[in-house]
Amino acid sequence: MTKRRKIPGLPPAALCLVATLAAYLLPSPIGLAAVNVVEVIPAEQAQQHIGETTTVCGLVASTRYIDSPGRERVYLNFDRPYPNQTFAVEMPASARAKFKEPPETLFRDKTVCVTGLITDYRGKPEMTVENPSQITIQGEAPSTKEPSDDTRQGAPAPAAPSGTLNAIPSAQAQQHIGETATVCGPVASTRYLSSTSSKPTLLNFD
């Protein structure tokens, strides 16, 4: 069961939803299944949210690229350099290859937001990033490589949203239709449409 928590800086009934903003009032059942209620938290609070899927934001204080054969991966350490970081992001080699620039250079000394499952690694909170869509520099879109020839010919490509996962107030959602975004705001009313085939529940903001 998902716990509902008060989000800092928002009214008591405020929510953050990670979803693709559509120009329709009623989402499809598939769209409903893709909506997750998440909390945006600072990196220093990640320890309190182990086992949760959450958006964590903070300053990348240090980075490290391990290039040992079979163990290639990148680490991003938040707030303080390793080993005193408050939170860390781990990227396997398969994820590193999807960025235009090496992540250990791209995100160093930047404030970023990353969405995923927080796990415990040797007493420290950590999150594994498998796709660039999970992480963004605040105010910037994810940096991914151009499609390969195989992708242009119809091979599956890694999922990448047209927007960012940065939080926006619900009053500005109209300006971001077609993007994947985190939308925050007070839920003013709700409605359960039991008479329709998909039986959706609507949350009306502001």
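Phe-107 has a relative accessible area of 2% and is buried (under 20% relative accessible area, with exposed over 50% and partly exposed in between; 1.4 Å probe, protein chains only). Phe-99 also counts as buried, at 2% relative accessibility. This is a predicted model, in which local features need pLDDT of at least 70 and side-chain atom pairs count only at pLDDT 80 or more, while totals for chains, interfaces and linings use all residues. Residues are numbered from 1 along each chain as its sequence is written, and side-chain values use heavy atoms, with hydrogens and water left out.

**Close-up of the aromatic pairs.** Rings of Phe, Tyr and Trp (its six-membered ring) pair if their centres lie within 6.5 Å; planes under 30 degrees apart are stacked, over 60 edge-to-face, and the rest tilted. The count by this rule is two aromatic pairs. In one of them, Phe-78 and Phe-87 are edge-to-face, at 5.0 Å centre to centre with 75° between the planes. Phe-78 is buried at a relative accessible area of 0%, and Phe-87 is buried at 0%. Phe-99 and Phe-107 have ring centres 5.6 Å apart and planes at 90°, so this pair is edge-to-face.

**Close-up of Arg-96 and Tyr-65.** Arg-96 lies over the face of Tyr-65, 3.7 Å from the ring centre. A charge sits over a ring if NZ of Lys or CZ of Arg is within 6 Å of the ring centre and within 35 degrees of the ring normal.

Ser-133 is in the loop between strand 8 (124-128) and strand 9 (135-137); strands (E, at least two residues) are DSSP runs, numbered from the N terminus. Ser-133 counts as buried, at 18% relative accessibility. Its C-alpha atom is separated by 8.7 Å from that of Thr-115, 18 residues apart along the chain.

How values were computed. Helices (H or I, at least four residues) and strands (E, at least two) are DSSP runs, numbered from the N terminus.
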